[in-house]
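Student: Hey, can we go through this one together? I'd like to start with where the chains meet.

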Amino acid sequence: MSAGLPRRIIKETQRLVAEPVAGISATPYADNLRYFTVGIEGPEETPYEKGVFQLELFLPADYPMAPPKVRFLTKIYHPNIDKLGRICLDILKDKWSPALQIRTVLLSIQALLSAPNPDDPLDNNVAEVWKNNEEEALKRAREFTKSFATPST
Amino acid sequence: MQRTPAGETVITPRNFRLLEELENSEKGHGDMSISFGLVESGDTFLSDWNGGILGPAGTQHDGRFYQLLIHCTQEYPAVPPTIRFTSKINMSCIDSKTGVVEKNKVPAMKNWNRNTGIEKVLQSIRMEMCSDKNRRLKQPAEGATF
């Protein structure tokens, strides 16, 4: 199944499992070791607090020369994440470097939840609300977290 | 599906594959003789798509714009999408009562592999409009729907 899987990916995966990042889980699918199911806990003191967001991540054939592909599966109200869960983050595009890793990408996404940037929006509607009425934006973000990202226990 | 120099077969998972197809489609296809996009812009699993085919010149379909619905199951792209015309059309590969495209009669669906994709299927259906079987078939009134 994993015939020829680059050593770099094997190493990264082993480390993700052995030394997980606080608030982040990443597990490869057994039938495709380049494809990961990811969970990111919403950072404290943000409207995403207490939410657990599911993402998917894929390492394309040219990884690590090309960045991983990653998006949110859980609906989230955030100016840099669009309706399909695609993420506007420089290191996933032109600022990618092969020195970065899955781990750094997921940490950057977690940081993006703490620091939304409405001046570089992916979802213009959300960004407008964020800029013109931050209180309303935070309220909507909290509502989304409650409706879509709250684990059923 | 892509093979690396190390002999690994890299399989792009369904959702990322469909995102690629969406992004390519949004860039436009040359003459726009075919087009497709999501029914709901927030369809997380990219399952339901609208499609359009412009009838080829020199056939009974010339100048017509046919609308259709495309459904990609969870098995996609291991299996082809399901396609149903909403615009009424008379064609040998389309069920005359339901508008459903018969997979075994469209080359790109019959010979489907993981790399085929929605674009090639729509092009293949459009090619069928030009076939000897179909080009002269009498067509229902323009704008009629199934």
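This is a predicted model: local features need pLDDT of at least 70, side-chain atom pairs count only at pLDDT 80 or more; totals for chains, interfaces and linings use all residues.

Student: OK, how much area is buried between chain A and chain B?

Tutor: About 1700 Å², and carbon and sulfur atoms give 60% of that.

Student: And how many salt bridges are there across that interface?

Tutor: The rule finds 2. One of them links Arg86(A) with Glu23(B), where the closest N and O atoms are 2.8 Å apart.

Student: What about polar contacts, how many residue pairs between chain A and chain B?

Tutor: The count is 7, with both residues at pLDDT 80 or more.

Student: New topic: in what order do the strands of the open sheet in chain B come?

Tutor: β3-β4-β5-β6, 4 strands with antiparallel pairing. At the edges sit β3 (34-38) and β6 (82-85) of chain B, each pairing on one side only. On average, neighbouring strands are turned by 25° against each other, ignoring direction.

Student: How many bridges join β5 to β6 in chain B?

Tutor: There are 4, between antiparallel strands. Ile70(B), for example, has Ile83(B) in β6(B) as its bridge partner.

Student: Which helix lies across those strands?

Tutor: That's α3 (residues 117-129) of chain B, lying across β3, β4, β5 and β6 of chain B and running at about 140° to β3(B).

Key. Residues are numbered from 1 along each chain as its sequence is written. Chains are lettered from A and ligands numbered from 1 in the order in which they are written. Side-chain values use heavy atoms; hydrogens and water are left out. Buried area is the accessible area (1.4 Å probe) that two parts lose on being put together, summed over both. A salt bridge is a side-chain nitrogen of Lys or Arg within 4 Å of a carboxyl oxygen of Asp or Glu. A polar contact is a pair of N or O atoms within 3.5 Å; within protein, one must be able to donate a hydrogen and the other to accept it, and residues adjacent in sequence count only if both atoms are side-chain atoms. Two strands pair if DSSP finds at least two bridges between them. Helices (H or I, at least four residues) and strands (E, at least two) are DSSP runs, numbered from the N terminus. Axes are lines fitted to C-alpha atoms, for helices over the stretch in contact, and angles run from 0 to 180 degrees between N-to-C directions. Contact means heavy atoms within 4.5 Å.
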